[in-house]
Amino acid sequence: MLSVFSVTFPFFALVLCGYLATRGKVLPLSAISGLNTFVLYFALPCMLYRFGAQTPIRQLLDPAVAGVYLLCGLILVAATIALTKRGNIGWNDAAFGALVVAFPNTGFMGVPLLVALLGDQSAGPVILTMAIDMIITTSLCIALSRLDGADAHSAATAVKNALRGMATNPMPWSIALGALASAVGWQLPEPVNKTIAMLAGAASPVALFTIGAVLARSQMNAHEQVPVLQYVPLALAKLLVHPLLIWLGCQAAITLGVALSPFTVTVLVLLAALPSASNVALLVERFGAHGGRVARVILVSTALAFFSFSLAVALMV
């Protein structure tokens, strides 16, 4: 466990630094949007492009990985909505509660952390699952969130708007361009490649620091009271149920003859063991769901993940 902590501690320590800097008002709240913009539109796309371009195309388009991960995600979304949609929690809050359970923090935390733990060969499954979460799982949950007093046309409009939002997100495009470069064996000119490498190198520390800042801001801005039973079980489901479901799905697929290597199973389980994606809080604000509830799920899952994720690494690696 000490050797595992030696790898995971710096990542969570950077999240804590961002959190404390914001809570202590060293980092102004107005600066967080600038950090987010830098990570989302510059550093992280460059890192994803580099990993995509350096990863064999067959790993980026692995149907076995995509099928198992997507099926488990859909099961988790359906189960979460079925168990939480009651009382004052309608389709809007239930759908985004399901999204925050099924969507790990792959971009800001998963890519750098798993590459540090398992090596560059883990980038293929990581990038593929990120694309699934950003395009399919997110769009589905946004569509379901529109079902409160709405008809099928409103849900279809929501899906269309979600896909439009994905089209303006640079991360799927950077993944696609990296995959294309990998497929055709294309290399960037050396000055451009060095520029992208510098931006990619900044992605991990700035992204982790920004996670902490975003979590602190959401906690500072969420004044409404939220019952513990409305967010702690969701955080535990993210950290415990999601990786267990992925492991069971992988074992079932292997039993049926699907080609999944032990290394790929390890990557998928550790991906699912990551805390909830912080960008779900931004979607919640946009679509008018309960921001305080989702922010607390993200905060609790991130805090507990230091121990639960490290334990998962010790068990799987």
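**Rings and helices, step by step**

Student: What makes Phe-38 count as buried, exposed or partly exposed?

Tutor: In this predicted model, Phe-38 has a relative accessibility of 27%. Buried means under 20% and exposed means over 50%, with partly exposed in between, so Phe-38 counts as partly exposed.

Student: And how do you know which class Phe-42 belongs to?

Tutor: The relative accessible area of Phe-42 is 44%. That value also lies between the 20% and 50% cut-offs, so Phe-42 is partly exposed.

Student: How far apart are Phe-38 and Phe-42 along helix H2?

Tutor: They are 4 residues apart in H2, which covers residues 29-54, and therefore about one helical turn separates them.

Student: How many aromatic pairs are found in the whole structure?

Tutor: The search finds 5 aromatic pairs. Phe-38 and Phe-42 form one that is stacked. Their ring centres are 6.4 Å apart, with 20° between the planes.

Student: Are Phe-306 and Phe-307 buried or exposed?

Tutor: Phe-306 has 17% relative accessibility, under the 20% limit, so it counts as buried. Phe-307 has 53%, over the 50% limit, so Phe-307 counts as exposed.

Student: How do you know whether the length of helix H11 agrees with its number of residues?

Tutor: Helix H11 runs over residues 232-255, which is 24 residues. At 1.5 Å a residue it should span 34 Å, and its end C-alpha atoms are 34 Å apart, so the two agree. H11 also bends by about 40° at Lys-238.

Student: What do the buried residues of H11 pack against?

Tutor: They pack against helices H4, H5, H12 and H14. Among the buried residues of H11 are Leu-234, His-242 and Cys-250. Just after H11, Gly-257 takes a positive phi of about 95°.

Student: What makes H5 a mostly covered helix?

Tutor: In H5, 11 of the 12 residues are buried, including Asn-92, Phe-96 and Val-101. The length of H5 checks out too: its 12 residues should span 16 Å, and its end C-alpha atoms are 16 Å apart.

Definitions and conventions:
Residues numbered from 1 in each chain as written. Predicted model: local features only at pLDDT ≥ 70, side-chain atom pairs only at ≥ 80, totals over all residues. Heavy atoms only, no water. Helix = DSSP H or I, 4+ residues; strand = E, 2+ residues; numbered from the N terminus. Expected span 1.5 Å × (residues − 1). Bend = angle between axes of the 7 residues up to and from the residue. Buried < 20%, exposed > 50% of the residue type's maximum accessible area, 1.4 Å probe, protein only. Contact = heavy atoms within 4.5 Å. Phe/Tyr/Trp six-rings, centres within 6.5 Å; stacked < 30°, edge-to-face > 60°.
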